[in-house]
Amino acid sequence: MFRAPLIVAIALIIAFAGGILSALSMLNASVGFGAIEVAGWRAFPAAQMASADPYAKAHRAKGGRLLYGSAEGLQFTALRDAQGLTLTGTCAYRMSGRTPTTRLWTLYAADADGNPLNAGPELPTAKNSQTVLRRRDGTFDIVISRTAKAGNWLAIPDTGAFQLVLTLLDTPAAASTGLSGLSMPVIEQIGCGQ
């Protein structure tokens, strides 16, 4: 007598739980469709538009983050170095080159959820285009490590994997016409255990 309703109840519980878990895994796996990748840096310019796909909108709502408008800026993330190895706090890296044309850019190290890493009090945990030292041709080097280095140094804690977040503000790269021909800085590993 109670066998049929019990089977229906179990089937509904499995269906709802499976649906919720699959939706959460999709939200954690991607920001949405339409990613661009340039020299290991990844951005989702379509996620910032009102016409973004439903996964991008849900990811944005779940994270509680406001994204830049298409004319305001574009955020790039790098999870790997030039050799394709995961960025880790036990190694040191050199980010060199130049950024695309922009009025202002910022750089910081973040955990997998995008939260900025704290290397300690009074240590430089972020850089921007106004404070970075450059060569005469406009290129720069930033050393990313847990130990202090001369010149442009970005401090990271001795943690596991991390990502670099480069935000370009007021840049033509944020418009769909500015996405071709971008030159991004290169991230090279310069040693581990230092």
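Buried here means under 20% relative accessible area, exposed means over 50%, and partly exposed is in between (1.4 Å probe, protein chains only). This is a predicted model, where local features need pLDDT of at least 70 and side-chain atom pairs count only at pLDDT 80 or more, while totals for chains, interfaces and linings use all residues. Residues are numbered from 1 along each chain as its sequence is written, and side-chain values use heavy atoms, with hydrogens and water left out.

**View 1. Ser145, a buried residue of strand 7.** Ser145 has a relative accessible area of 1%, so Ser145 is buried. Ser145 belongs to strand 7 (strands are DSSP runs of E, at least two residues, numbered from the N terminus). Its side chain reaches the backbone oxygen of Thr147 at 2.6 Å. Leaving aside neighbours within four places in sequence, Ser145 is in contact (heavy atoms within 4.5 Å) with Ala92, Trp153, Leu154, Ala155 and Ile156.

**View 2. The largest nonpolar core.** A nonpolar core is a set of buried Ala, Val, Leu, Ile, Met, Phe, Trp, Tyr and Cys residues joined through side-chain atoms within 4.5 Å. Of the 28 residues in this one, Trp41, Phe76, Leu107, Ile142, Ile144, Phe162 and Leu164 touch the most other members. Strands that each supply at least two residues of this core include strand 3 (73-78), strand 4 (91-97), strand 5 (104-110) and strand 7 (140-145). Zoom in on Ile144 and, not counting residues up to four places away in sequence, you will find that it touches Cys91, Ala92, Tyr93, Met95, Leu154, Ile156, Phe162 and Leu164.

**View 3. The disulfide of Cys91 and Cys192.** A search of the whole structure finds one disulfide (a pair of cysteine sulfur atoms within 2.5 Å). Cys91 and Cys192 are joined with an S to S distance of 1.9 Å, and their link is right-handed, with 90° about the S-S bond. Because Cys91 lies in strand 4 and Cys192 in strand 10 (residues 186-192), the pair ties together parts that are 101 residues apart in sequence. Cys91 is buried at 7% relative accessible area, whereas Cys192 is partly exposed at 44%.

**View 4. Two aromatic pairs.** The structure holds two aromatic pairs; rings of Phe, Tyr and Trp (its six-membered ring) pair if their centres lie within 6.5 Å, and planes under 30 degrees apart count as stacked, over 60 as edge-to-face and the rest as tilted. Tyr93 and Phe162 are edge-to-face, at 6.1 Å centre to centre and 75° between the planes. Trp105 and Phe140 are stacked, at 5.3 Å centre to centre and 25° between the planes.

Conventions. Helix = DSSP H or I, 4+ residues; strand = E, 2+ residues; numbered from the N terminus. Polar contact = N/O pair within 3.5 Å; in protein donor to acceptor, adjacent residues only side chain to side chain.
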